[in-house]
Amino acid sequence: MMDGVQGAGMAGAGSVGGTGTPACPMTTTPSGRSGWPPPGYRHLFPAMPPPLPPAPPDMALRQSLAALARAMQASAPLDQRGDNPGIPAGYTYLMQFVAHDIVRTAVAFWQLGISGRETRDLRGGRLRLETLYGGGPAACPYAYMTEVRSRLRIMPLARHDADDSSGSPLRDIPRARLDPPPPGWQAGRRLPLDEALLPDPRNDDNSNVSQTTVLFAAFHNAVVDCLTRADAMPGMRFAVAREAVTLVYRRILREDLLRRLLHPQVYAHYTAYGAEFLDDGGAATDRMALEFCFGAFRCGHAMVRESYRINGDDERELAGILRATSGGGAGAMPLSRIWTIRWSHFFDIQGPGLPRPNASRRLRPQHSPGLLDTRFFDAIDDTFRAGLAYRDLLGAGVAGLHPVAELWNYLRAERPALAALSEMSDPAVRRAALDQWLAGAGVGAAHAAPLAAAPPLPFYVLLEAEQECSGLTLGVLGSVIVAETMLGLMARDPLPCEAGGGDVPAALAQLAAAAGVAPAVLAPLAGITDMPGMVRFAAGAPGIGPGNPAFV
Amino acid sequence: MSGSTNENGEGTPKEGEAAAAPAGQPMPSLQRMRVVNWERWGDLIKAWTTGRPHRANGKNYPVPRTLEELKAQCGELDVGLSVPPFVQNLVVYSHEKSTMVLRLPPPDLVAASEEQLRNGAAYNLPSFYADALGASGQVPQFASDAELMDFHASRIGDYTISMCQ
């Protein structure tokens with residue numbers, strides 16, 4: 001499902017011992033890979049000594065990871081106590097979309113542990129909505145309307161769901177059958193739409209992320225509509241709309257998503273005027289930090305619910321959401337109304353009669369049972385462990401991240417005030433918390449000892465969140481990794497309209513001028529600081545609504 | 001029935017044990033047992049009854065004597081079993097084909113299910129039906145309340161007497 005950022009991060013297999021001194025049995029061996037990290041990747045904090053190149057995880061390590069994965073997936077009450085009142089469920093899928101916008105790995109890291117194959121990151125620009133736009137209308141024409149190339153293509157829902165009088169609202173991603181009809185297909189029957197015509201087909205990994213993609217496409221089209229009504233120069237409409245949408249998207253990441261996700265004091269530190277980053281990217285600014293991709297940002301998987309209210313009071317199970325895709329249920333495409341999101345169920349949108357949104361799950365070392373589904377996350381090696389948690393942990397082991405202990409040592413030295421926010425920066429406190437959790441989860445001593453000595457980063461980040469913040473936000477170390485990566489990336493790589501250092505209204509005025517329209521045309525975008533604001537603006541896109549189900 | 005145990009070491013449940021909750025007691029939550037990987041669950045049942053190893057990992061599994069043993073086996077096999085908190089005990093029946101076993105569901109759960117369906121709740125069939133029937137991602141739709149209740153009754157009738165098919 002959420003293998004968008006392929007692989008995961010763990011201070012196990014190769015990464016423990018980080019500075020070249022193996023510290024436990026889960027460390028690098030002399031057979032470690034050369035040429036690591038792969039193209040497009042680097043380690044967080046260039047000033048830290050790099051870990052030794054990781055070796056493929058051996059059976060003993062994989063069995064320990066499998067035991068941990070099992071503990072993370074053990075059945076636990078999926079009641080409201082596990083809900084996170086601070087992060088509505090829509091942010092889970094925004095994070096998946098963001099993950100796709102940051103990296104695009106050729107071969108999943110967990111597969112490297114089995115096959116020994118090579119991989120690389122294929123993403124060019126990061127947090128520039130390449131995951132939505134691809135290379136633009138010239139490079140990805142299938143994603144754009146034929147008659148109005150400046151608009152992204154959004155398709156009608158399945159006809160049998162449409163209101164007879166109003167027709168099918170435009171609420172699905174574009175899909176097609178490109179191959180000849182399958183064997184046994186009878187003329188007159190609907191062909192299975194087994195291809196998602198998206199620049200990034202991962203955005204059809206489940207119906208919630210494909211609906212998030214439609215939301216962004218609708219937002220883009222609404223901006224194009226504003227420019228068209230103002231008679232903007234036709235040749236500039238797409239480029240200006242894209243940059244304006246990306247500008248608002250980045251603002252939402254800074255002011256909405258990260259405000260909710262990060263430890264409040266860490267967020268305040270990194271968003272204060274003049275905040276400095278420890279991670280400047282070094283000589284490899286354009287490469288992505290493994291510790292973010294395969295460690296901290298894996299936290300999104302713990303936020304996935306077992307069921308959702310999609311557009312009414314019915315709870316729809318995760319299994320259906322995973323299957324309502326071109327890959328999982330081509331015969332049932334276009335998307336049916338059943339899986340079409342009413343956004344007030346996913347974001348906190350205020351208004352008369354609007355429902356309360358589904359909450360995401362609290363950030364803690366627990367995955368919803370649906371993420372065990374063997375159709376999507378079958379066993380991948382001779383541990384026979386199914387599920388997304390094992391893939392995350394194994395991928396982290398393959399990635400060979402900075403060990404948790406080394407990250408804390410570095411943070412304590414370089415940012416003592418931030419480190420002091422966390423009791424778990426103390427090795428003894430950290431070890432006690434790890435021992436206690438592993439024992440409570442029933443992980444046997446033989447596996448618990450190496451896991452506590454060198455906790456996999458994706459697991460540690462969740463444990464820290466649970467211990468320090470009751471699972472409402474990430475803890476300190478997890479927040480620092482995410483802030484350094486996402487905020488640092490946006491600071492180092494501003495959009496052209498941001499390069500002058502002006503605020504959002506000034507950047508929008510600059511874009512309006514580029515399109516040959518008055519500043520007032522794009523000025524309404526300056527008021528959008530969060531996802532509810534974006535939803536309301538996107539509701540004005542052509543063909544979206546009001547429809548059935550409602551958009552807002 | 002040729003054998004039955006429960007985790008208290010007792011034999012078959014007393015007659016009427018599955019009767020409705022006492023008058024005045026609140027209706028139990030409609031939270032149900034859930035399984036994510038039905039094929040692993042079904043293979044585990046096959047492994048118990050035939051003594052053959054489980055297809056997923058080639059291991060043998062004894063018939064569980066307690067709910068905890070059952071959960072442990074399911075955990076090891078990533079069945080994805082969720083058991084509602086009101087389920088406290090386990091009873092395992094094994095029987096010969098010469099014996100017809102009518103597994104009567106708790107009447108309060110039947111009533112609660114009917115009420116919820118009549119109030120418009122979705123009929124969430126296990127996803128393997130849709131996978132096999134080529135309508136993945138769909139949930140059944142019913143033209144009338146009577147049709148919905150017919151389907152509900154048919155399902156109960158089916159799983160009550162289906163003999164390993």
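This is a predicted model: local features need pLDDT of at least 70, side-chain atom pairs count only at pLDDT 80 or more; totals for chains, interfaces and linings use all residues.
Residues are numbered from 1 along each chain as its sequence is written, chains are lettered from A and ligands numbered from 1 in the order in which they are written, and side-chain values use heavy atoms, with hydrogens and water left out.

I start with helix H14 of chain A, residues 427-440. Helices here are DSSP runs of H or I with at least four residues, strands are runs of E with at least two, and both are numbered from the N terminus. The expected span of a helix is 1.5 Å times one less than its number of residues. For the 14 residues of H14(A) that gives 20 Å, and the end C-alpha atoms are 20 Å apart, which agrees.

Which residues of H14(A) are buried? They are Arg430(A), Ala433(A), Leu434(A), Trp437(A) and Leu438(A). Buried means under 20% relative accessible area, exposed over 50%, and partly exposed in between, with a 1.4 Å probe and protein chains only. Down the axis of H14(A), the buried residues fall within an arc of 125 degrees, so they line one face of the helix; the arc is taken from the directions from the helix axis to the C-beta atoms. The face turned away from that buried side carries the exposed residues Ala428(A), Gln436(A), Ala439(A) and Gly440(A).

At the start of H14(A), a side-chain oxygen of Asp426(A) comes to within 2.8 Å of the backbone nitrogen of Ala428(A). After the helix comes Gly442(A), with a positive phi near 80 degrees.

Now the salt bridges. A salt bridge is a side-chain nitrogen of Lys or Arg within 4 Å of a carboxyl oxygen of Asp or Glu.

Arg42(A) pairs with Asp279(A), the closest N and O atoms being 2.7 Å apart. This pair links distant parts of the chain, 237 residues apart: Arg42(A) is in strand S1, and Asp279(A) is in the loop between helix H7 and strand S7. Arg42(A) counts as buried at 8% relative accessibility, and Asp279(A) counts as buried at 1%.

A second salt bridge joins Asp256(A) and Arg259(A), at 3.8 Å from N to O. Both lie in helix H6 of chain A, three residues apart, about one turn of the helix.

Definitions and conventions
A polar contact is a pair of N or O atoms within 3.5 Å; within protein, one must be able to donate a hydrogen and the other to accept it, and residues adjacent in sequence count only if both atoms are side-chain atoms.
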